[in-house]
Amino acid sequence: MSEYRKAKRHVEVSVGESVRIVRELQELSQNELAEITGIPQSTLSAIENNRVNLGVERAKILARALKCHPAVLVFPGWDINQESAA
C-alpha cells in the first residue's frame, strides 16, 4: 500500500482536449468526424490542438455529431457548484 496514490478528482481540460476526448469516446477518427460534420480534418486538428477557436457554430455542429451538449465542449472545466452563470 505504500505505492498507493490518490486519484485526482478534477483535471483541467482545454476546449480542444474536450473535443478530442469526446471524439475518441465515440470511437471516431478526425477523418470520420470531418465527413459527418463537413468541418475539414485540418480544422478539427487545429481545434483539438487549441490553434483555432471552436466558436459557437462549430460547437453546435460538433455537439450534434458527438451526441453531447455544446457546453460539454465549450466549458469543459465548468464547476456548477462553484461558479454562477450570471
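Modeller: The side chains of Arg 23 and Glu 48 make a polar contact at 2.6 Å. Bear in mind that this is a predicted model: local features need pLDDT of at least 70, side-chain atom pairs count only at pLDDT 80 or more, and totals for chains, interfaces and linings use all residues. Residues are numbered from 1 along each chain as its sequence is written, and side-chain values use heavy atoms, with hydrogens and water left out.

Biologist: Okay, and why is Arg 23 called buried?

Modeller: Its relative accessible area is 7%. Buried means under 20%, exposed over 50%, partly exposed in between (1.4 Å probe, protein chains only), so Arg 23 counts as buried. Arg 23 sits in helix α1, a helix being a DSSP run of H or I with at least four residues, numbered from the N terminus. Leaving aside residues up to four places away in sequence, Arg 23 touches Leu 28, Ser 29, Gln 30, Leu 33, Glu 48 and Leu 66 (contact: heavy atoms within 4.5 Å).

Biologist: How do you know that Glu 27 is exposed?

Modeller: Glu 27 has a relative accessible area of 70%, and since the cut-off is over 50%, it qualifies as exposed. Glu 27 is in the loop between α1 and α2, with a positive phi of about 60 degrees although it is not a glycine.

Biologist: Which residues of α2 are buried, and why are they on the same side?

Modeller: In α2 (residues 30–37), they are Gln 30, Leu 33, Ala 34 and Thr 37. They span an arc of only 105 degrees around the axis, which puts them on the same side of α2; the arc is taken from the directions from the helix axis to the C-beta atoms. Glu 35 and Ile 36, on the other side, are exposed. The buried residues of α2 pack against α1 (15–25), α3 (41–48) and α4 (56–66).

Biologist: Which residues touch the most other members of the largest nonpolar core?

Modeller: Of its 15 residues, those are Val 19, Leu 33, Leu 44, Leu 54, Leu 62, Leu 66 and Leu 73. The largest share, five residues, comes from α4. Such a core is a set of buried Ala, Val, Leu, Ile, Met, Phe, Trp, Tyr and Cys residues joined through side-chain atoms within 4.5 Å.

How values were computed. Helix = DSSP H or I, 4+ residues; strand = E, 2+ residues; numbered from the N terminus. Polar contact = N/O pair within 3.5 Å; in protein donor to acceptor, adjacent residues only side chain to side chain.
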